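The sequence and structure come first.

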Amino acid sequence: MTHLDGNACAGALSDLFGDDVTLALGRCAGCGHDAVLAEVVAYVTAMGTVLRCAPCQAVLAVLVTTASERVVDLTGLSSLRLAAPADGG
Amino acid sequence: MTLRRTAWHRATVVSVAAETATARRIELEVPTWPGNDAGSHVDIRLTAPDGYQATRSYSVASSGPGTRLVLAVDEVADGEVSPFLVRVLAVGDPVEVHGPLGRFFVWTPSADPDPAPVQLVAGGSGVVPLYAMAAAHERSDDGSEFRLLYSVRTPDDVFFRRELAALRRTRVDLVHTRSAPEGDRRPPRRLVREELDRLTLGPALAPRIFVCGSTPFVETVSRWLLEAGHAPAAVRTERFGGSA
């Protein structure tokens, strides 16, 4: 299947983090590469989304939404840097 | 730069109109909408009577303050959501909107008296967020040079034809891939590297570049831009396609 990029899961990530995080910087736990989430590789299906590191293709995150819950696996991200909210909250 | 916070909103369809033979312009009234960041997108969620839900992302064509949200949706053959939006959705219908989304791909006016020029590169319906940027620039005091290179299948597939023609502060170059308008000396064919180099601002001008289109289009164009010498951080990309 054709991949997209992290822009495509801005909505799903926003549901988790409470705001848009496409500019957040994620570090690959596999190769250490830093990328803004908008630029990571995204495989989007009706079942969920898999985010992969563009250089090494390791899985960074898996997002699955069912009728009753959201399941998130972030083990492929060793860190995530988000800007402090503008309103201080 | 403060961007608008993301949330779910209830919206009502206030107008629908054919955009092209396969696409439709949909205007929504969103009473709680915080306004439009140029280049952003929204998730649209539809709920069937049995509770089944489907969510898809669409770029926002409108820009600036207000509670009106304009989308231009291209119908994807065999799709689940886009045929409904293009053929069935009617004025007065409710939809749920999640946004604005995608801060990475947003253009905001610069306070810099001598701002970097901006190059927009669109493939097909990827023109929607780039049109929003050009329209926002048109209304702003931002003095940066704006150019749009728009690759489109045929003259009948051009989105925002009238609006693009009316832009006074953006130079628009169209390249046709399947059939060209009468009198066009360029034969219809895919955008080639030499044209990209010739029809876009060069690396010496250090433009900010926004590229939006299908994944193959974006990857080809961004590779050519980087090989031409543009800085990776200056090139922002957004891919669409896949689920429909």
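Helices (H or I, at least four residues) and strands (E, at least two) are DSSP runs, numbered from the N terminus. By this rule, chain A has 1 helix and 8 strands.

## Basis

This is a predicted model, in which local features need pLDDT of at least 70, side-chain atom pairs count only at pLDDT 80 or more, and totals for chains, interfaces and linings use all residues. Residues are numbered from 1 along each chain as its sequence is written, and chains are lettered from A and ligands numbered from 1 in the order in which they are written.

## Chain A

Read from the N terminus, the elements of chain A follow the order β-α-β-β-β-β-β-β-β. The C-alpha trace of chain A spans about 40 × 35 × 20 Å along its principal axes.

Of the 89 residues in chain A, 36% are buried, that is, 20 or more other C-beta atoms, placed from the backbone, lie within 10 Å of their own.

## Strand pairing in chain B

Two strands pair if DSSP finds at least two bridges between them. Strand E3 (residues 41–47) of chain B runs antiparallel to strand E4 (residues 53–59) of chain B, joined by 7 bridges. B:Leu46 has B:Ala54 in E4(B) as its bridge partner. The hairpin of E3(B) and E4(B) has 5 residues between the strands, and B:Gly51 takes a positive phi near 95 degrees there.

E3(B) is also joined by 4 bridges to strand E6 (residues 94–101) of chain B, again antiparallel. Here B:Ile44 has B:Val97 in E6(B) as its bridge partner.

Terms used
Buried ≥ 20, exposed ≤ 12 C-beta atoms within 10 Å, placed from the backbone.
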